Amino acid sequence: MRQVRTLGLLGTGVIGGGWAARALHFGIDVLAADVKPEMEQWIRGAVANAEGALARLTFAPLPPKGRLSFTTDLHAMARQADFIQENIPEQLELKRRVLADVSRHAAPDVVIASSTSGLMPSDLQRDVQAPERVLVAHPFNPVYLLPLVELVGGRQTSEAAMEAAQRFFTYIGMHPLRVRREVPGHLTDRLQEALWREILHMVNEDVATTGELDDSIVYGPGLRWAAMGTNLIYHLAGGETGMRHMLRQFGPCLKWPWTKLEAPELTEALIDKMVAGTQAQAAGRSIRELERLRDDCLVAIQQVLKQYNIGAGATLRSLEERLYGEAGADARRKLEHAPAAASAGPLRMLETQVRPEWIDYNGHMTDSRYLQVFGDATDALFRSAGIDDAYRKSGGAMYTVETHVKHHAEARALERLYVTTQVLDCDDKRVRVRHSLHRGRDDAQVASAEQLYLHVNTAAGKAAPMPETVRARLAPAPASQARPG
Ligand SMILES: NC(=O)c1ccc[n+]([C@@H]2O[C@H](COP(=O)([O-])OP(=O)(O)OC[C@H]3O[C@@H](n4cnc5c(N)ncnc54)[C@H](O)[C@@H]3O)[C@@H](O)[C@H]2O)c1
């Protein structure tokens, strides 16, 4: 299957908009197709709306944003896309017809994935040309912040298509969960529906309001679920003997009629109660306002989980590791192709962009972001010398000892920036570097910084000599050994 540079979207509603925002953020071009021309304005608004939260998700150096284009010509989209994600309404016959039509215009090595919440891939691939590239990739709203995507293959889906999809979704920061066997509703919606059915029963029978039922999750199990799922949590609830004890103690309750398998009838009275309940919970706040609040919380939660390398935080951590790794590899390539090492002259270490939320009340990049950009440039330099995650795990690290920043000009929102870096001195424990931050459009120097780093043995918590290989890559070469210019 081919490498994905352009993601084609089929249907650009809530889910199509979410896919677009995520893919663009991680440097993939998006060609969005919808039968309704007015959806162009909608999807551009959806992408703009997601930008604030997405930009706060990670400060790791990102590739340049992808470009968004829109068409009502589904065939043209299929001809140009390297990967197609379908997000049209949840109707089997409609999806079947549109997928079959689009597949005749897409090369056979283009994966076609459906966002369907519950339809089975074998049913979707029936009339498609080259059905082995069709699969389900079920995301969760908001697609741009939740990493889970359920990957489900149908009877005809090839392993190559599943692997290609897994690679692509991992690349755009997701956690692909391979579902072993296709079942209606996949895994997550089956679980969510069970909960929702009980909610509908309890509201119907006036046992609780929608707000009380949400409280029953938000103040309790919901907090646990972000880090550990129901099974691991129940294992803990069973004491020393874990799940075995838990099942022995609470297993009999499963046979008592706590829950109901049949959904209640959706009468007008029940619908009214559900609507009135959620409107009371919204307390006058618009959907957009609530979305922003939800998104801020989702970003904050993932950042906390990242510290513990668990759940969605582990996904974020490995994404960042890759992004920093790519910045380091880029720096290493530059070092190898440069006429001299970073020690012999400044090298372009980092390309970035002033993100909108980096701006202060004067409309310029705010102080703390200068440190971040210089820190990212240093990180790229050190990685190019071999100081990466594996190196840190082995017990060595560079600690910042001093930083001096001088500001020379302003940088505004969305301005392209680059940093050049030079090693000024390096002995067996210390490295002193100078960074220069420039605007991409006119090369004007925006700021400069000098930083001193100390090599430490992290277990001992003390300065320690760096290995000769690392030092040799960082240290200014004697003039006689300098590479030819
Ligand atoms: N909304 C969710 O929370 C959610 C979550 C996960 C998955 N999904 C799944 O994603 C899919 C889309 O859901 P949604 O909520 O974005 O729906 P939506 O109604 O917001 O968007 C559907 C879009 O498809 C377009 N469309 C309709 N017919 C089309 C056609 N023939 N060709 C091209 N475009 C067409 C519509 O104009 C609309 O813009 C569904 O399969 C749904 O089950 C939804």
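## Briefing: strands, ligand shell and loops

Strands β6 (residues 134–138) and β7 (residues 148–153) run antiparallel and are joined by 4 bridges. Strands count as paired if DSSP finds at least two bridges between them. Helices (H or I, at least four residues) and strands (E, at least two) are DSSP runs, numbered from the N terminus. This is a predicted model: local features need pLDDT of at least 70, side-chain atom pairs count only at pLDDT 80 or more, and totals for chains, interfaces and linings use all residues. Residues are numbered from 1 along each chain as its sequence is written, and side-chain values use heavy atoms, with hydrogens and water left out.

**The chain overall**
- The protein chain holds 17 helices and 14 strands.
- Its C-alpha trace spans about 85 × 60 × 45 Å along the principal axes.
- Of the 485 residues in the protein chain, 45% are buried. Buried means under 20% relative accessible area, exposed means over 50%, and partly exposed lies in between (1.4 Å probe, protein chains only).

- H138 stands opposite E150 in β7.
- P142 sits in the loop between β6 and β7. The peptide bond from N141 to P142 is cis, with omega near 0°.
- β7 also pairs with strand β8 (residues 175–178), in parallel, over 4 bridges. V149 has P176 in β8 as its bridge partner.
- β7, helix α6 (residues 159–171) and β8 form a right-handed β-α-β unit. Right-handed means that, with the strands pointing away from the viewer, the path from the first strand over the helix to the second runs clockwise.

- In strand β1 (residues 6–10), 5 of the 5 residues are buried, so the strand is largely enclosed by the rest of the structure.
- Both faces of β1 are covered. T6, G8 and L10 are buried on one side, and L7 and L9 on the other.
- β1 pairs with strand β2 (residues 29–33) in the parallel sense, over 5 bridges. L10 has A33 as its bridge partner in β2.
- From β1 the chain crosses through α1 to β2, and this β-α-β crossover is right-handed.
- β1 also runs parallel to strand β4 (residues 83–86), with 4 bridges joining them. In β4, L10 is partnered by E86.

**The ligand and its shell**
- The ligand has 22 residues around it, and I15, D34, E90, K95 and S117 come nearest. A residue is near a molecule if one of its heavy atoms lies within 4 Å of it.
- By class, this shell has 9 nonpolar, 9 polar and 4 charged residues. Ala, Val, Leu, Ile, Met, Phe, Trp, Tyr, Cys and Pro count as nonpolar, Asp, Glu, Lys and Arg as charged, and the others, Gly among them, as polar.
- α1 (14–25) and α4 (92–103) each supply at least two shell residues.
- Polar backbone atoms of V14 and I15 each lie by a ligand oxygen atom: the distance is 3.1 Å for V14 and 2.9 Å for I15.
- For K95, a polar side-chain atom is 2.6 Å from an oxygen atom of the ligand.
- The protein covers 77% of the 840 Å² of accessible area that the ligand has on its own. Accessible areas come from the Shrake-Rupley method with a 1.4 Å probe.

**Two loop residues with positive phi**
- L414 is not a glycine, yet its phi is positive, about 70°. L414 lies in the loop between β10 (396–407) and β11 (416–426).
- D443 is not a glycine either, and has a positive phi of about 60°. The loop between β12 (430–439) and β13 (445–457) holds D443.
- D443 counts as partly exposed, at 44% relative accessibility.

Technical notes: A polar contact is a pair of N or O atoms within 3.5 Å; within protein, one must be able to donate a hydrogen and the other to accept it, and residues adjacent in sequence count only if both atoms are side-chain atoms.
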